[in-house]
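Trainee: I would like to go through the labels used for this model and ask what stands behind each one.

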Amino acid sequence: MSEQHPAIDNTPVEKEINFLGRLVGVFTSPGAAFQSIARKPGWVIPLLVLIALNLGYMFVLQPVLVNEQQQKTKQSLEEKNVDSEQQEVILTQSAKWMKITMLPIGAISMFIVVLITAGVWLFFSNTVLGGTANYKQLLSVVTYTSYIGFVGQLIKLPINLTQETMNVHFSLATFMSDDLLKTFLYKFLASVELFNIWTVIALSIGIAVVAKLNTKKVWPVVAIVYLVFFVGSAALGSKFG
C-alpha cells in the first residue's frame with residue numbers, strides 16, 4: 001500500500017507590513033501599503049502617533065496661532081465699538097484660555113474628525129459605490145492618508161514661524177494679492193493645494209483597495225466630495241473671515 005502524504009499548499013503568504021513600513025508605503029507604494037491594511041487593518045497606534053505629532057506641531061506654532069486669533073478677536077471687538085480697556089481684558093483672558101485649551105481641544109478634535117471621516121467614506125464606498133470595506137479598514141486608510149497633510153504642514157513650518165502667519169500654502173492662491181485674502185476665490189484656491197490633491201489620490205487608491213473597487217470608479221467620487229467641502233469651507237471663510 002502506498003503511503004499518502006498531505007497536500008502541500010505552495011500559495012505564497014503575503015508578508016505583513018508593520019506601521020512604519022505602511023507609513024512609508026503610503027508615500028512610495030500606496031497599492032502595497034493599502035493591500036496590507038486591507039488584510040490586517042490597524043489604526044490605534046497610527047492615530048495616536050499622528051495626534052502626538054500634530055500636538056508637537058501645534059506647540060511649536062502656538063505663538064503664531066495665538067497671535068492670529070488675537071488679531072481676529074481684536075478686529076471683531078473694534079467693529080463692535082468695544083473700548084480699549086475692555087479689549088485689553090478680553091484679549092488677555094482669551095490668550096490665556098487659548099494656551100490652556102489649544103492642545104487638548106486639538107487632540108480631541110483630530111480624534112473625532114478621523115472617526116467621522118472614516119464613517120463618511122464607509123458610506124460612499126459601500127452604499128454609493130457598492131464596495132465591501134468595513135469601518136476598521138477605512139479608519140486605517142483615513143489615518144494613514146492623513147500623514148500626507150501632516151508632511152505638508154512640516155514643510156510649511158519654517159515659513160509659518162519666520163513670517164509669523166498660518167497663511168502658507170502651495171496653491172494658485174500664492175500668486176494672488178493679500179488684498180484678496182478674505183475672498184471666496186482666494187480661500188477656495190488655497191484649499192486646492194498640492195498636499196490636498198495628493199491626499200485625494202492616495203485616499204482613492206486606499207478606498208479602492210479595501211473596498212475591492214476599481215480606482216477609476218472611486219477617484220471621481222472622492223474628488224467631488226473634497227470639491228464640495230472646499231467650496232463650502234471657502235464660502236463660510238469668506239463670509240465670516
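Predicted model: local features only at pLDDT ≥ 70, side-chain atom pairs only at ≥ 80, totals over all residues.

Trainee: Which residues make the nonpolar surface patch?
Mentor: I108, F111, I112, I116 and V120 make a patch of about 430 Å². Patch residues need over 30% relative accessible area and no salt bridge; nonpolar side chains (Val, Leu, Ile, Met, Phe, Trp, Tyr) are joined within 5 Å, like charges within 9 Å. The area comes from the Shrake-Rupley method with a 1.4 Å probe.

Trainee: Why is T143 called buried?
Mentor: T143 has a relative accessible area of 0%, so T143 is buried. T143 belongs to helix α5. Contact means heavy atoms within 4.5 Å. Beyond neighbours within four places in sequence, T143 is in contact with W43, P46, L47, L50 and V114.

Trainee: How do you know that the T143 side chain reaches the backbone oxygen of L139?
Mentor: The distance is 2.8 Å. A polar contact is a pair of N or O atoms within 3.5 Å; within protein, one must be able to donate a hydrogen and the other to accept it, and residues adjacent in sequence count only if both atoms are side-chain atoms. The 2.8 Å value falls within that limit.

Trainee: What makes K74 and E78 a salt bridge?
Mentor: The rule is a side-chain nitrogen of Lys or Arg within 4 Å of a carboxyl oxygen of Asp or Glu. For K74 and E78, the closest N and O atoms are 3.6 Å apart. They are four residues apart in helix α3 (residues 44-79), so about one helical turn separates them. K74, at 36%, is partly exposed. E78, at 43%, is partly exposed too.

Trainee: How many salt bridges does a search of the whole structure find?
Mentor: Two. E193 and K156 also meet in a salt bridge, at 2.7 Å, N to O. E193 lies in the loop between α6 (184-191) and α7, and K156 in helix α5, so the pair ties together parts 37 residues apart in sequence. E193 is buried, with a relative accessible area of 5%. K156 is buried at 12%.

Trainee: What makes a set of residues a nonpolar core?
Mentor: They must be buried Ala, Val, Leu, Ile, Met, Phe, Trp, Tyr and Cys residues joined through side-chain atoms within 4.5 Å. The largest such core has 53 residues, and W121 is one of those with the most contacts inside it. Each of α1, α2, α3, α4, α5, α6, α7 and α8 supplies at least two residues of this core.

Trainee: Which residues are buried in α2, and what covers them?
Mentor: In α2 (residues 30-39), P30, A33, F34, S36, I37 and A38 are buried. Their cover includes α1 (19-28), α5 (135-163) and α7 (194-211).

Terms used:
Residues numbered from 1 in each chain as written. Heavy atoms only, no water. Buried < 20%, exposed > 50% of the residue type's maximum accessible area, 1.4 Å probe, protein only.
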